[in-house]
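Here is my note on the two-chain model you sent. Please read it with the structure open beside you.

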Amino acid sequence: MIVVRTVTKYFGEKAALNGISFSVPRGSITGLIGRNGAGKTTLMGILCGLIRPDSGSIQIGGIELFDNMTLAREMIGYVPQKTSLYPEMTGRENLMYFGLIRGLGGKKLTDSIHEVMVATSLEEVLDRRVSHYSGGMQKRLNLAIGLLGNPPLLYLDEPTVGVDRESREIILETLLKMSHERGTTILYTSHYLQEIERICDRLIILDQGVVVANDLSVNLLRESESLEQYLEENIQK
Amino acid sequence: MRKYAAGILKEFWLLKRDIHALMVLFVMPSLFILIMSLAMRDAFSQNSEVHFKAMVACEENSSASRDFLAHLKAIKGFEWSEGKSTQLPALMMEHDVLLGVIVRAGFDEATHKNSSQNPKLTLLIAPEATPLAKILFETAVAGTAAKINMVNQMSSLNPWMTREEKEEALVDKVWFEEHFLQGKDMTDIRPTSVQQSVPSWLIFSMFFIIIPISNTFVNERRLGTLARLAVMNVSIGNLLVSKMIPYFVINQIQFIAMLMVGMFIVPLFGGDALRIGDNIGALLVVSSILSFASISYALALASFVRTTDQAVTIGGVLNIIFAAIGGIMIPLFVMPPFMQQLALFSPMSWGLESFLAIFLHNSGWNDIWLSLGALILFGSFCLGLAAWKLNRELKEAQ
């Protein structure tokens, strides 16, 4: 679903990404991890088309991202780390607005709102202003917006930071359900290794702008040792 | 198209919950128009009800002093009372009288001579008297004295002149008729306080669109919503245009509402009714271009500040400065020339000049194109600045 080939991005003299290549198979949940400054945010920006790399290419669903940005972006559902919502609007209004932006309308929009509302367990609070939501509810709504229109590819940037246990469970279960039932391809970044272990099939590890582990099977990892132990032994030295 | 519709819908949702901003946009200018129109009514009115308090004291009881007093009291604009010459300064202080005149003994004799030596009138001017009041008073006294002097000299040359002939000579002749300059198709339109207040406070409130715009825009930038929208293929152009449309509608509602306040509400409280002239098309164009300028300015400002508080504070202060130098708070015509030059730097002044040209002179495009051109340039520059900053910020955010 995603093919990244020798992507390099410099900020001044510093290489944020240094010739990285990897691919994300269709229908997989791929974890993207790395220490602060490893290049995750830059990579996410490039994959969203917000930052143009200095060299290399990115294909999304077979389409060259930077040659046909509009078409490629239509496949992407993006859930940023910040709760990028309108706090003075209700949950429903937020969903309607972003749904319309996504190109949905009429029955498709209504159905999609209902679907994501149920998936993220926000039915009871949907007509309340978002500013009255708890942090966890806001994160769930943040996710729900990313799910609108059922995009085939979902980017999640630390979606559970600062979230209560109940909301964390709902978010993780929703992602698993999206992947298993709809075949959504998910690229997931998180600092919580237990979450990565729990939901991801594969793992990409970035360190200092290079991919140090690509297409690492989390299932295989689980059989041998814990992810935390693997990282300690192979990366964090 | 759906993206524009979504953006417009979203701005209206946010705006309807921003009660404070709506108050600033609609209630504040309505109150200002009402208060300032009534407060400045007499200062603008041609049938002024303003009277300067004045006192007169006569040290002699002659026909000249009686004539002088009678004619002085007939002059409009003064409210006369009498006192004794020795007590006049004290009485003036006691009763807040600004102007006084003492007719000295020997006035009658002096008016029969053609000499300016040894004046027989003493003027007393309180320190609070404005230069305008002082000049009016001096002119009134000098004019009346000259008239008495002229008639008395005539009577000295013509001993057979009767009392009736003298009185007839003292009657004011009508030397002139007044015409107020106006547009070619208008009749009997005179500038009123409401014609100054309505456009002034309308423009002032239009520029306060910064409050609702910054409330949403700063949050969008702060919460990363702009990046999310960019990933959803919303361009910066799309974003700015879909923000401009709803606020343009709000500005136009303000425009109509404030005209209505001037036309129908101010008269209910005893003020003059606003007359807007016949060039409605030009008014709509001025209002539209002014709206474009004020929204673009608000977007530029909201693109550079970090918090809503900063936007409201900086925007508020800049608006007050623009208003102060632009003739919004104090009419330009009462400002000294260098301040009138300074007004050229205020976009509010460009809008005000255009509105006043249409209200008072029924002007066509020839008289307002320069101001409108300046507003379009200002708005385009601000919009470009906002687009540039957002573009840069989206890149930096990553």
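Predicted model: local features only at pLDDT ≥ 70, side-chain atom pairs only at ≥ 80, totals over all residues.

1. Overall form of chain A. The C-alpha atoms of chain A fill a box of roughly 50 × 40 × 35 Å along the principal axes. A compact globule of 237 residues would have a radius of gyration near 18 Å, and chain A agrees because its value is 18 Å. In chain A, 46% of the 237 residues count as buried. Of its contacts with a separation of 6 or more, 67% are between residues 24 or more positions apart.

2. Overall form of chain B. Buried residues come to 40% of the 398 residues of chain B. Among contacts in chain B with a separation of 6 or more, 81% join residues 24 or more positions apart.

3. Domains of chain B. How is chain B divided by the domain assignment? Domain 1 takes residues 2-43 + 187-397, and domain 2 takes residues 50-170. The centres of domain 1 and domain 2 of chain B, taken over C-alpha atoms, are separated by 52 Å.

4. The largest core. The largest nonpolar core holds 142 residues, and those with the most contacts inside it are A:Y155, B:F207, B:I209, B:I210 and B:L299. Helix α13 of chain B (residues 280-304) gives this core its largest share, 13 residues. Which residues does B:F207 touch, leaving aside those up to four places away in sequence? They are B:S294, B:Y297, B:N319, B:F322 and B:M348.

5. Contact between the chains. On the chain A side, 26 residues are in contact with 23 residues of chain B. The elements of chain A that give two or more residues to this side are α1 (40-48), α2 (69-73), β6 (76-79) and α3 (91-101). Sorted by class, the side of chain A that touches chain B has 12 nonpolar, 8 polar and 6 charged residues.

6. One face of a helix. In helix α4 of chain B (residues 63-73), the residues B:A64, B:S65, B:D67, B:F68 and B:L72 are buried. Seen down the axis of α4(B), its buried residues fall within an arc of 160 degrees, so they line one face of the helix.

7. Two positive phi angles. A:E158 is not a glycine, yet its phi is positive, at about 50 degrees. A:E158 sits in the loop between β7 (153-157) and α6 (165-182) of chain A. Is A:E158 buried or exposed? A:E158 counts as buried because it has 21 C-beta neighbours inside 10 Å, and the cut-off for buried is 20 or more. A:Q208, also a residue other than glycine, has a positive phi near 50 degrees. A:Q208 is in the loop between β9 (202-207) and β10 (210-217) of chain A. With 14 C-beta neighbours inside 10 Å, A:Q208 counts as partly exposed.

8. Two exposed residues of chain B. B:H95 lies in the loop between α5 (88-94) and β3 (99-103) of chain B. B:H95 is exposed, with 11 other C-beta atoms within 10 Å. From B:H95 to B:M55 is 40 residues in sequence and 9.9 Å in space, C-alpha to C-alpha. B:W365 belongs to helix α17 of chain B (residues 365-397). B:W365 is exposed, with 11 other C-beta atoms within 10 Å. Between B:W365 and B:L268, 97 residues apart along the chain, the C-alpha separation is 33 Å.

Key. Residues numbered from 1 in each chain as written. Chains lettered and ligands numbered in written order. Core = buried A, V, L, I, M, F, W, Y, C linked by C-beta atoms within 7 Å. Buried ≥ 20, exposed ≤ 12 C-beta atoms within 10 Å, placed from the backbone. Helix = DSSP H or I, 4+ residues; strand = E, 2+ residues; numbered from the N terminus. Contact = placed C-beta atoms within 7 Å. Arc of directions from axis to C-beta. Nonpolar A, V, L, I, M, F, W, Y, C, P; charged D, E, K, R; others polar. Domains from an automatic or database assignment. Rg over C-alpha atoms; globule rule 2.2 N^0.38 Å.
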